[in-house]
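Me: I'm new to this one. Can you walk me through it?
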Amino acid sequence: MIERTEAVGLLSDLVRIPSVNPRLGGGAGEGALARFLAEYLRGLGLTPTVTDVEPGRPNVLARLPGKPGGTHLLFEAHLDTVSPSHGQVGPFVPRLDGDRLYGRGACDTKASMAAMLLAAKAILGARERGTTVSLAFAMGEENGFDGARHLAASGFRADGAVVGEPTGLDVVAAHKGVVRWQMTTTGKSAHSATPQAGINAIGLMARLVQALDDRLLPQLGMRRHPLLGSPTLSVGRITGGLEANVVPDRCTIDLDRRLLPGETWAGVRGELEELLASLAGEFPDLRVTIEDPYLESRGMEAPVDSAIVRMAEEAVRRIDGGHPIRGVPYCTDAACLAAVGIPCVVLGPGHIEQAHTEAEYVDVQQVVKAAAIYRELMLGV
Ligand SMILES: [Zn+2]
């Protein structure tokens, strides 16, 4: 039996330990939370390993062995959170209001973490358990997925994985990937009194951005995934020019492209090169450099009839009735695990709308239900 009081207590303990990703506004990092989790797991009689991925920024991994030859399932949640929002009151002082537990990370994703720990604790005494359960708590999800990538690169494998993120207890069987990179137009500087002597890089960039909207977006819109819809492209930042009286010779944009499962940077780059080739005749001065990406993570999908999806769907149905199998547009650690052949679902308590906000909270009833769902999966429903 998983008790609400215990869930509130454990989740409050997790929220109280700041684990803001140090790359996002200089937070303290994941070290203290990792130490707490290792201690908790040792208290359950397990032998966790704590591995620094970067100095002071570890992953935590523990295993509950099942029967030899049984299914091996991984339950994974990330340790880090985003920074407190501007104006967020007491982000690391958990506050319970009715069923809502407020605090940074309460929803994303310490709620899933608490539910996984409670589920693991609940199955400790279960005899005849066939499934081997691994618990992994990974650093660095909010900025590049380094912890999950490290786990995958370490050779860790499982027959399936449940990645804990706020899905409202829906089974997420697919999500998009993301790639971010820069493109620069190069012109020729000149005095602004004689602009005809120069080539205006900002003007060139305006044409490029227009072409991305007019020519590339319709192509992307024609590609459709049953759970994810179409890939997207967004220009998020533009920088260029020195002064009003200088014709600018450089202009740079930052782009964000959301990938469908199977799409890669090589394919994205190929589309851009094709577009540039098609513009060359109209705009002979257009010189564009495509930089290598500074963030890249693949999309993820598990077939809706795969074992992990069917098991997750059944466990959710038993505890909370029917929930949809769906896709989400954001990226998770599941991408790194799926990339090495571990079929994944993303499934956890709370709603993504509450993540990263100044009023971040999770419904503790959902945390209790998530723990029961994870327990069903760990027992091998
Ligand atoms: Zn998250």
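Me: What is the order of the open sheet of 3 strands?
Reply: The order is β4-β5-β19, and the pairing is antiparallel. This is a predicted model: local features need pLDDT of at least 70, side-chain atom pairs count only at pLDDT 80 or more, and totals for chains, interfaces and linings use all residues. Residues are numbered from 1 along each chain as its sequence is written. Strands (E, at least two residues) and helices (H or I, at least four) are DSSP runs, numbered from the N terminus. Two strands pair if DSSP finds at least two bridges between them.

Me: Which strands stand at the edges?
Reply: β4 (95–97) and β19 (361–363). Each has a single partner strand, so one side of each lacks a neighbour in the sheet.

Me: How many bridges join β4 and β5?
Reply: 3 bridges, in the antiparallel sense, with β5 covering residues 100–102. Arg95 stands opposite Tyr102 in β5.

Me: Which helix packs on the sheet?
Reply: Helix α9 (residues 364–379), touching β5 and β19. Contact means C-beta atoms, placed from the backbone, within 7 Å. The direction of α9 makes about 60° with that of β19. Axes are lines fitted to C-alpha atoms, for helices over the stretch in contact, and angles run from 0 to 180 degrees between N-to-C directions.

Me: New topic. How is the protein chain divided?
Reply: Into domain 1 (4–175 + 299–379) and domain 2 (177–296). The bounds come from an automatic or database domain assignment. Their centres, taken over C-alpha atoms, are 37 Å apart.

Me: How many residues does the contact take from each domain?
Reply: 11 residues from domain 1 and 11 residues from domain 2. On the domain 1 side, β8 (171–175), β16 (300–301) and β17 (325–328) each supply at least two residues.

Note on methods:
Contact = placed C-beta atoms within 7 Å.
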